[in-house]
Amino acid sequence: DTVNNDEYRLTPIRAKAATIEFYSSEEVNLATFTAGDDNRWMVRITTEHTGFVWFLGFLVQDDITEPFQPRPNKVTLVANDGLGSLKEVTPTDANGLVPRGYYSPIQYLYYCLQLTGLDLDIVLINSVREVSNPNVPYMQSCVLDAKTFQAEIGAVEDAYTSIEKLLKEQCILTQYNGQWWVVRLSELKGEAAHQAYVYRGGAFIGNRDAAMTRRIGFAESMYL
């Protein structure tokens, strides 16, 4: 499910969560998943045959529940993609230091998204370009001073707020098929293919056509 607790409909960050239920036994129950840190258990939901990845994330231990009754009981597991947790952390660069100097928007976005614990490629669909560099998305060609993301002198804004500042009302950020997708809202219209630019580690690795619609067969199975 896409999670949006913001009353503002154009909020750029569209987090995802997954709820999984099963009946417990003496061997597998609530205690199986509540030991260790939140990021101990990764959840991957895919479709049979196509391999399409519907969700990647980690279990949230505080949200795991099981009735205090004789087993078997329904155990509810909740996983999220970590975007909500970015409100509690500040970005760091490749050396684990507070970013200083100048970065492209896509590089700074990568530093923020790394804090989710998911090291995923970023797919960018945005036709806005610099006049002097018409073949490259502006999020790759332009640079920003890291001071743009200071709440006050010497204090860096949290990663969530930084992403909101980067994308504003122009784009949305969400997880799609095991990647982070950043899509300009005006380019969601119609079913025509768009040019998608792919980044790994904040660096450009290639581009391809990307359709904005997807259909699956009703009889396909989904696997965890």
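Modeller: Two strands pair if DSSP finds at least two bridges between them. This is a predicted model, and in it 5 strands form an open sheet in the order 13-14-7-15-16, with mixed pairing.

Colleague: What makes strand 13 and strand 16 the edge strands?

Modeller: Strand 13 (171-176) and strand 16 (203-210) each pair on one side only. From one strand to the next, the twist averages 25°.

Colleague: How do you know that strand 7 and strand 14 pair?

Modeller: Pairing needs at least two bridges. Strand 7 (residues 122-125) and strand 14 (residues 179-184) are joined by 4 bridges, so they pair. The two strands run parallel. Across from Ile122 stands Trp180 in strand 14.

Colleague: Which strands does helix 2 touch?

Modeller: Helix 2 packs on the sheet and touches strand 7, strand 13, strand 14 and strand 15 (194-200). The direction of helix 2 makes about 140° with that of strand 7.

Colleague: Why are helix 2 and helix 4 called roughly antiparallel?

Modeller: Helix 2 (residues 105-113) and helix 4 (residues 159-167) pack at an angle of about 155°, and their axes are 9 Å apart. Angles over 145 degrees count as roughly antiparallel. The angle is therefore enough for that label. The crossing of helix 2 past helix 4 is left-handed.

Colleague: Which residues make the contact?

Modeller: Helix 2 supplies Pro105, Tyr108, Leu109, Cys112 and Leu113, while helix 4 supplies Ala159, Ser162, Ile163 and Leu166. Sorted by class, this contact has 8 nonpolar residues, 1 polar residue and no charged ones.

Colleague: How many aromatic pairs are there?

Modeller: The count is 11 aromatic pairs.

Colleague: Why is the pair of Phe22 and Phe33 called edge-to-face?

Modeller: Rings pair if their centres lie within 6.5 Å, and planes over 60 degrees apart count as edge-to-face. For Phe22 and Phe33 the centres are 5.9 Å apart and the planes make 65°. Phe22 belongs to strand 2 (residues 15-23) and Phe33 to helix 1 (residues 30-33), so the pair ties together parts 11 residues apart in sequence.

Colleague: What is noted about the backbone at Pro72 and at His49?

Modeller: Arg71 and Pro72 are joined by a cis peptide bond, with omega about 10°. Pro72 sits in the loop between strand 4 (53-59) and strand 5 (74-80). His49 is a residue other than glycine with a positive phi, near 75°. The loop that holds His49 runs between strand 3 (42-47) and strand 4.

Definitions and conventions:
Residues numbered from 1 in each chain as written. Predicted model: local features only at pLDDT ≥ 70, side-chain atom pairs only at ≥ 80, totals over all residues. Heavy atoms only, no water. Axes fitted to C-alpha atoms, helices over the stretch in contact; angles between N-to-C directions. Parallel < 35°, antiparallel > 145°, perpendicular 65-115°, else oblique. Left-handed = near helix turned anticlockwise from the far one by under 90°. Contact = heavy atoms within 4.5 Å. Nonpolar A, V, L, I, M, F, W, Y, C, P; charged D, E, K, R; others polar. Phe/Tyr/Trp six-rings, centres within 6.5 Å; stacked < 30°, edge-to-face > 60°.
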